[in-house]
Amino acid sequence: MPQVSALSDIREGFAPLSLPDLASPSRRLPIMDASPPAWTGLTRGLALPLAALLAAAVCRADPAEDLTTMSLADLAKVEVTSVSKTSEALQRAPASVYVITHDDIIRSGVTSVPEALRLAPNLLVTQTSSSAYVIAARGLGGNPAAQNFSNKLLILIDGRSVYTPLYSGIYADTLDVMLEDIDRIEVISGVGATLWGANAMNGVINIITRSSYLTKGAYLDVGGGNQQQFGDLRYGGSAGEDSAWRVYGLGFARGALQQADGSGAGDGWSKGQGGFRSDWGLQQDTLTVQGDFYRANQRTLDGPDSQISGANLLARYQHQGSRSDLQVQAYFDQNEQFGPGGNGAFVVHTYDASLQDAVMLGSRNRLVWGGGERLYSYGITNQTELLFVPESRSLTLGNVFVQDTITLSERVSAALGLKAEDDPFSGWTALPDLRLSYAPSDHLTTWAAASRAIRSPTPFDTDVVEKVGSLVFLQARPDFRPEQVRAFELGTRAQPLESLTFNVAGFYNLYEDLRTVEPASASSFTPLYWGNAMHGATFGLDSWASWQLNDWWRLSPGFSWVRERLKFRPGASGLLGAVQAGDDPSSHATLTSSMNLPRHVTLDATLRYVAALPSPALPAYTQLDVRLAWRANRRTEFSLRGANLLRARHAELPAPDGEQVPRSVIAEVRVGF
Amino acid sequence: MPHRRQRQFRPRLAGLLLALVALTTGRASVAEPASADAVRAAYLYRFAGYIAWPDPGAADTPFVIDVLDAPAMARELRRILSQHVIHGHTTEVREISSLRELGDAQILYVAPGRAQVLRELRPERRSGLLLVTAEEDGLSDGSVINFLILDSNVRFEVSLAAAQRWGLKISADLLGVAVRVQRGQGQLG
């Protein structure tokens, strides 16, 4: 299961001093800047007194003046953005893509990647402990009470797949990235398997860090509050004309969540992490080498601590020719965990190599083809009641894919893709994808898509043995089949006004072979095994908008809605009910306000609503995060953030699977020099 | 536990709304993300301070920037330059749509996608022109300074060979900020 930071978050990445005091209202950019507005800001729940201060501080700034008085070096740090917040390329992408920009992250004041993912309206992020989160898109987010975990997303950090092969879920405590160095996070809801890779059944999360050319100099970020303390330090430089590098270190201690009575849940944790990135070449040929290592300690309520550690190293070469773009990448990743008292320890080694090439064929066809091979090698120290048999394996996951994007006319294009994936348990599978897009103007794109994706079986599905005392309660079987989806999507993205953009996508997903729990036979209940006896449909929509009310205030609403109509196949046990596939809220919504106030003050607030969970039941909740920041000068920013301000504590998943997230406040200073 | 949440938070939410209203009634003037053109225009203005032209021109003649096919850039430049002088000269921004209209400009800015027109330009006939482009292969088309978007920042690269061809001297301070400096290897350099 996922995990990560506390609700108590606060922090932020830091746009190395991207100024909030820029020129006049920006226009649509003639370029590819997938990024955003230059702001930062946040406040706390007690907006009133602060607001009074702010109102008193109102003054005039001459934005045009600011740019021309900046040095060349400072200009190089100005973030450029369009009101639409999407790059031109994205504006036309025939998929439901939300981009969390660097500045969105900084301005929200979040302090961890899972918290940053809450900024994407098409994701549902649920905190269950100080270090654990459930992340899901378009429903079927799992139901821990039924041992069904959110396992239908692909998550990548700079091209490195970080969902765990053990059960296809996400260990949120392994996701840390120095937030200041994140360029953007692309969140694709819907099937993304053909281009992005394995497990992209309901969505893809693509975390992309900045080139080291853009992170030169020193950066220090420290913060502390009632739920956490942290410090981030980075230093970057260049070596010669055509290369740059950075090194960083970060550490944090996050407090425990709470139990319903307000007492501590005992699950606090701390982590230290370091890493580097170096880039050579800027234009046609570039080489990137990067790596990270970390170690964390997680407390438990009454038992001994558990530890996690990991390291990774990645190299990527890219060549941009006039007619082709080639990318070759290889990485190694190690993730280790030692459960309380040494129980339930595991180590996973991942080796991955891939190649991708994009070529223009004539003037109308852009062909992307490639392939890759991944080797997972893991070993598990079994606990007495939860065993993997065998305890260790080496598994390979291979794929080849091709996608042709055909420009049928200036306004209409089609993308036909096919990936063949070879997984260790079920062999080769075909994953086709067809997309049509129609862009009657630069401000309107409509698309339709049909695709097929699978969630490959994992050791948890095929190898697990669970015992109660000496009774074998559940014994997984090797013939577990992949869970499958045929997905249909219709979406539109538009910019009806210069100041307004929106994106709406409706989906209809047909699932087959979803995992169920079945009794051993008609005469014997145990051992249970994982069957594939559920199927059915989910449908719903993802939507969001961005409305620039004026040159200093932006409002961004988001709303997602899903209905699930799942049933058991004839002869199935029906144990645990259809809700085992996902204890999902029928809707969730966010409203984010971003303000650039005078005197380099920014105020950002996000109100979020999550509807009730069906079973185990949890009432709907609404929460508010606010951050107020003041950029004292080009180098320094002070901020205050309050998270989950509306209640002393709230649960996002009912006990015992979820703890209560307390209200938290944090103060932070960011310095770049 | 989660019930009663709404009731509890109403007063605080009302507080926040009040605060917002208080703020919006102020004369807030703020900032917003820059457009790439605004940043490029600011760069152009700043570049002038780091570059020596061979012929400074008479004091009463304006410093001219010709802008080829980039009306938004011309607008930004005019807005910025209306309040500034360059090397003691007043400034003039002219929009042109072909190189035939190129006058006595000190700077020629070429819209993204049009850099190949620079291949027709010959420094022998007219030196002292700073060529600026904003596209991937700008320098190979002969530009002196080429803007790039790297991640979400506007950066630039410089061809010293081209600068030399056009008789321009560029200070090391400017080169230090460039993301890449192409030296030598020019046809004449």
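1. A residue counts as buried if 20 or more other C-beta atoms lie within 10 Å of its own, exposed if 12 or fewer, and partly exposed in between, with C-beta atoms placed from the backbone. By that rule, helix 2 of chain B is mostly covered, with 11 of its 12 residues buried. Among them are B:Tyr43, B:Leu44, B:Tyr45 and B:Phe47.

2. Keep in mind that this is a predicted model: local features need pLDDT of at least 70, side-chain atom pairs count only at pLDDT 80 or more, and totals for chains, interfaces and linings use all residues. Residues are numbered from 1 along each chain as its sequence is written, while chains are lettered from A and ligands numbered from 1 in the order in which they are written.

3. Helices here are DSSP runs (H or I, at least four residues), as are strands (E, at least two), numbered from the N terminus.

4. In helix 3 (residues 71-81) of chain B, the buried residues are B:Met73, B:Ala74, B:Glu76, B:Leu77, B:Ile80 and B:Leu81. They cover an arc of only 160 degrees around the axis, so they sit on the same side of helix 3 of chain B. The arc is taken from the directions from the helix axis to the C-beta atoms.

5. Now for pLDDT, the predictor's confidence in each residue, from 0 to 100. Chain B averages 75, and 77% of the residues score at least 70.
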